[in-house]
Amino acid sequence: MKKETLLNHLKAFDPAVFGLLQDEVQRQRNMLSLVPTVNAMSPLAAYLVGSPLAGSSIESCSARHGNAAEELARTRAAELFNSEHAIVRLGNIAAASRVVFLGLLQPGDTVLSFNLRKQEHCAGLNYRFENYGIDPEAQRVDWDAVLAMAKELKPQLIIFSPVSYPRIPNYQRLAAVAREVGAYLWVDIGQCVGLIAAGLIPSPVPLADVVSFPTGDSLRGPEGAVLLCKKELANQLDTAVVNSGHTALYANRLAALAFALHAAAQPKFRAYGEQVLRNAKALAASLESRGATLLCGGTETHLVLAAPAPNVDTTDAVHALARMGVQTKRDRISTMRSEMVLSALRLSALNPTTRGLKEEDMTLVGQMLARVLSGGISAHEEDDIRTVIAKLIIDKPIFSEEWINTEAMASIFYPEADTNEVHEHAASERMNIIKNLFHKE
């Protein structure tokens, strides 16, 4: 059944759900999101999620004997990140986190965690969490201070997650700290996974015992999560997967994940990552040139932490930006001094890059953000900024065709065709994918 027919039937049969769908399409098209966890799924991955594979599931598979889709996704994850073992049957990062806890720790164990990350995933579990963070003055991680804290606390597990740290971590020092105190090291690379997959920033996989990441966000795949681990931990983590109820396999999501991992190994994905880094630097430079304060001295990843002026409430800034068509997220960043917590907007170049924005666009976005962060925006100025943002994104798709691998499509359909015909067909296929999956009705 064609998409138009399906939508007409949905509109007639269930106008309430149809309205929700239309509202979400409008929101995504008309709102520029700078939230790190918000990014469009690849159109081909989205097709696989909604394909006939959605009707295929296999119950009660053992951890080491899944179906073909799981094996393909697992093999691709291990190869892409050069990992000894991969687990891919996880519905989200919270589920993956609980698997790690159950697989590595005993009740009452001590966990030393950067910004207390993963404590939110421990409902019903009994661990003692201790925090470490950035040095409040230098706004960098002081690894000597982390070592001293680890020696004092003797944790069984050390966690590092750079979701609120826009610099390149020193994974060698962190691994040395874990080894010195006999702790497992778990790194959740979060929305940096795409840059790591593309080889654009260092990977913790060779050094950490466990690495986790979500499969949406910067990988632009389906909702889910992956665990990578050393081979010595494979059996206990596989057992934790089964014991915590992750036995149902959904072929559509696993196939979409396998596709996303394959796409992440291609030159076009690296080009996407390079543009993400350029866009993040352009956003940071624009904010700083307009007087905004950047935590941690700027960015080396997709992430920018922009602090409001002292007289501006961060929550108020988030709400004001939303009224102007920009979605942002407030963050509170812990430091090595428990009484000092820093407030900032956690901004990412991931979604703007997916939509096709370039450095000059991010420079303009930074200028608008800096006006809000400085405070004292009038209603008239809000209208001006809303107009600027609307003009910027009015013709931007949810997923730019620039990032779709069309070369293979052209060679499949026209292996011996002349160059013009190949390019015309590829362009047509790109437009059809975008139109069918993301067209504004």
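Helix 14 and helix 15 of this predicted model have axes that come within 11 Å and cross at roughly 160°. Angles over 145 degrees count as roughly antiparallel, and the two helices are therefore roughly antiparallel to each other. Their crossing is left-handed. Helix 14 spans residues 359–374 and helix 15 spans residues 379–393. On the side of helix 14 the contact is made by Asp361, Leu364, Val365, Met368, Arg371 and Val372. Their partners in helix 15 are Glu381, Ile385, Val388, Ile389 and Leu392. Sorted by class, this contact holds eight nonpolar and three charged residues, with no polar ones.

Two further helix pairs can be described in the same terms. Two packed helices are described by the angle between their axes and the distance between the axes. The table lists these values for each pair.

| Helix pair | Residues | Axis distance | Angle |
|---|---|---|---|
| Helix 14 and helix 15 | 359–374 and 379–393 | within 11 Å | roughly 160° |
| Helix 5 and helix 9 | 93–104 and 234–243 | within 8 Å | roughly 120° |
| Helix 1 and helix 2 | 3–13 and 15–30 | 5 Å | about 125° |

The axes of helix 5 and helix 9 cross at roughly 120°, and these helices are therefore oblique to each other. The crossing of helix 5 and helix 9 is right-handed. Helix 5 contributes Val99, Val100, Leu102, Gly103 and Leu104 to the contact, while helix 9 contributes Gln236, Leu237, Ala240 and Val241. Seven residues of this contact are nonpolar and two are polar, and no charged residue takes part.

Helix 1 and helix 2 pack with their axes 5 Å apart, at an angle of about 125°. They are therefore oblique to each other. In helix 1 the residues in contact are Leu7, Leu10, Lys11, Ala12 and Phe13, and in helix 2 they are Pro15, Val17, Phe18 and Leu21. The contact of helix 1 with helix 2 comprises eight nonpolar residues, no polar residue and one charged residue.

Leu80 and Ala264 are 184 residues apart along the chain, and their C-alpha atoms are separated by 8.1 Å. With neighbours within four places in sequence left aside, Leu80 is in contact with Ala197, Leu261, Ala264 and Ala265.

The remaining items concern empty space. Rolling a probe the size of a water molecule over the atoms shows where empty space is left. The model has two cavities of 30 Å³ or more. The largest cavity holds about 50 Å³ of space. Its lining consists of Pro162, Arg167, Ile168, Pro169, Tyr171, Cys192, Ile196, Ile201, Pro202 and Thr301. Eight of the residues lining the largest cavity are nonpolar, one is polar and one is charged.

By class, the lining of the second largest pocket divides into seven nonpolar, 10 polar and eight charged residues.

Methods:
Residues numbered from 1 in each chain as written. Predicted model: local features only at pLDDT ≥ 70, side-chain atom pairs only at ≥ 80, totals over all residues. Heavy atoms only, no water. Axes fitted to C-alpha atoms, helices over the stretch in contact; angles between N-to-C directions. Helix = DSSP H or I, 4+ residues; strand = E, 2+ residues; numbered from the N terminus. Parallel < 35°, antiparallel > 145°, perpendicular 65-115°, else oblique. Left-handed = near helix turned anticlockwise from the far one by under 90°. Contact = heavy atoms within 4.5 Å. Nonpolar A, V, L, I, M, F, W, Y, C, P; charged D, E, K, R; others polar. 1 Å grid on protein atoms, 1.4 Å probe; cavity = no way out; pocket = protein on both sides within 12 Å on 5 of 7 lines; lining within 4 Å. Points joined across faces, edges and corners; volume = space filled by probe spheres on them.
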